[in-house]
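I opened this notebook to record what I looked up in the structure. The entries follow the order in which I consulted the model.

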Amino acid sequence: MKQTCSICLSQDLTSIRIIKSPYTFDDYTLYECGTCHSRVFDIEEHPFDIDAFYNSRPESRENLQPDFTLSPYWLHETKLIKKTFGGRPGSILDVGCRTGDFLLHWPQDITRFGVELSAQSASVAAGRGLHVIQESVEKIEFDRKFDVVTCYAILEHLSEPRKFLEKIAGLVNDHGVLVIEIPSYQTLKARILERLRVRWHMYCPPEHLNLYSRSFLDHYFALQGFSLQKRSYTSGGMFNPFARVPVLRSVWSRLMWWRDAYSPLNRLPIFDHMYSYYVKRR
Ligand SMILES: [Zn+2]
């Protein structure tokens, strides 16, 4: 039985559901923390070699191609970050940069650093001319800070989230921007699935271990000198009821892209990919 919340470190966990792992088919207890309202799994509940798990899932072959094409998704994201920063940043660190696609959407004269655990992805990113360190960010001694630090789909995987959060908060320059993207259970989609007793796909232990509450993130980063500038919720392009009908599928995915990127509806917690843009005030 897990005692301590890995996110806020309080001893206020209540077991709320049992979730079957889609990978190992083991039953994992889902806990909710009464102090920070985050939800966590206990990686120790079943013996599992998480490093071997990640190493056994190589990038798909397309993702490892040295060529790369600009994506409207990442172009939009760079625009949002520039707007939040109030101009063009001088340096950016992408934690969990995969093969470097996002970093390549920034011009070469901006210092572009990536951190990536997968040796295969890191070597593709390095081959594309990026500075890439293949190591956990917590273990890297940086001799600099960055105007922008981004973490897309990383925080939910961590077995020791506190060390990671503290490290990334310390890597942002004053007036710099920190972008965090995580799955949020505090959204309409996740709540409806919960009502229907259907497993939300983001509950997938032991791959995902932490589902942070909004209030925890905002409070934690406020204590580190950050304030929230913008928050949006996207479908991540994963919600398509017309997946089997080619024309409708394409129309629907364009509509969803517009909704995710431009509609004011993306400020409401409907879909489950939550983007938070924080600015460091001191
Ligand atoms: Zn907690």
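Before reading strand partners, I noted the rule that two strands pair if DSSP finds at least two bridges between them. I also noted that the model is predicted.

Entry on strand pairing. I looked up strand E4 (residues 91-95) and found that E4 pairs with E7 in the parallel sense over four bridges. Within this pairing, Leu93 stands opposite Val149 in E7. I then followed E7 to strand E8 (residues 172-183), with which E7 pairs in the parallel sense over six bridges. Here I recorded Ile180 in E8 as the bridge partner of Cys151. Between E7 and E8 the chain passes through helix H4 (residues 161-169), and this β-α-β crossover is right-handed.

Entry on burial. Is strand E7 largely enclosed by the rest of the structure, or exposed? I found seven of the seven residues of E7 (residues 146-152) buried, so the strand is largely enclosed by the rest of the structure.

Entry on the zinc ion. Which residues are the protein donors of the zinc ion? I listed Cys5, Cys8, Cys33 and Cys36, each through SG, at 2.3 to 2.4 Å from the ion. The angles that the four donor atoms subtend around the zinc ion are 101 to 113°, which makes the arrangement tetrahedral. I wrote the sequence spacing of the donor residues as C-x2-C-x24-C-x2-C. Cys8 lies in the segment before strand E1 (13-20) and Cys33 in strand E2 (residues 27-33), so this pair ties together parts that are 25 residues apart in sequence. I noted lastly that both Cys8 and Cys33 are buried.

How values were computed:
Residues are numbered from 1 along each chain as its sequence is written. This is a predicted model: local features need pLDDT of at least 70, side-chain atom pairs count only at pLDDT 80 or more; totals for chains, interfaces and linings use all residues. Side-chain values use heavy atoms; hydrogens and water are left out. Donors are N, O and S atoms within 2.8 Å of the metal (3.2 Å for Na, K and Ca); water is not among the atoms, so sites may look incomplete. Four donors count as tetrahedral if all angles lie between 85 and 135 degrees; four count as square planar and six as octahedral if opposite donors are over 155 degrees apart and all others between 65 and 115; anything else is irregular. Helices (H or I, at least four residues) and strands (E, at least two) are DSSP runs, numbered from the N terminus. Buried means under 20% relative accessible area, exposed over 50%, partly exposed in between (1.4 Å probe, protein chains only). A crossover is right-handed if, with the strands pointing away from the viewer, the path from the first strand over the helix to the second runs clockwise.
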